[in-house]
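This briefing covers a single protein chain, with attention to its strands and their pairing. The sequence and model are shown next.

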Amino acid sequence: MKKEVRPLIYTLIVLLMLIAAYPTYLFVSKTFTEIKIERMLVKSGYERDISNKETIFESKTGRYVLEVEYTNEPDYTYNYEIIGGHVLTSVYDQHQVEVTAPGQHELK
């Protein structure tokens, strides 16, 4: 192999590794968020009241959020996200307006 081609091949290999690392990071981040919040829901005893849950990626913050709807509070959607190792709970009503009063299913 010629000496001029080697740097190009090494650059392409590094570039491919970087491109492959981003989806892996997203997958690990999503899995970590789901596992941590699921454990807290089980610990709090809220998992039996869940009617629907979905993990979404918020592009504004760059974090994954677990959206949960409960059977005993059908008018509210709880958003759980991990910030600095702690779970932040946000509650939204049917019109996607944030509710400022503490919710019944708040994780601490």
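In this predicted model, V91 has V99 of β5 as its bridge partner. Strands here are DSSP E runs of at least two residues, helices are H or I runs of at least four, and both are numbered from the N terminus. Two strands count as paired if DSSP finds at least two bridges between them.

**Sheet layout**
- The sheet is open and has 5 strands in the order β1-β2-β3-β4-β5, with antiparallel pairing.
- β1 (50-58) and β5 (98-99) each have a single partner strand, so one side of each lacks a neighbour in the sheet.
- Helix α1 (residues 5-44) packs on the sheet and touches β1, β2 (63-70), β3 and β4; contact means heavy atoms within 4.5 Å.
- The direction of α1 makes about 35 degrees with that of β2, where axes are lines fitted to C-alpha atoms (for helices, over the stretch in contact) and angles run from 0 to 180 degrees between N-to-C directions.

**β3 and β4**
- Strand β3 (residues 73-83) and strand β4 (residues 86-92) run antiparallel and are joined by 7 bridges.
- I83 stands opposite H86 in β4.
- The hairpin of β3 and β4 has 2 residues between the strands, and G84 in this hairpin takes a positive phi near 60 degrees.
- Of the 7 residues of β4, 5 are buried, which leaves the strand mostly covered; buried is under 20% relative accessible area, exposed is over 50%, and partly exposed lies in between (1.4 Å probe, protein chains only).

**β4 and β5**
- β4 and β5 pair in the antiparallel sense over 2 bridges.
- Their hairpin has 5 residues between the strands.
- Q96 is found in the loop between β4 and β5, and its phi is positive, near 60 degrees, in a residue other than glycine.
- Q96 counts as exposed because its relative accessibility is 55%.

**Confidence and conventions**
- The protein chain averages a pLDDT (the predictor's confidence in each residue, from 0 to 100) of 89, and 97% of the residues score at least 70.
- Confidence in the protein chain is lowest in β5, at a mean of 88, and highest in β2, at 94.
- Where pLDDT is low, the predicted coordinates should not be read in detail.
- Residues are numbered from 1 along each chain as its sequence is written, and side-chain values use heavy atoms, leaving out hydrogens and water.
- Local features need pLDDT of at least 70 and side-chain atom pairs count only at pLDDT 80 or more, while totals for chains, interfaces and linings use all residues.
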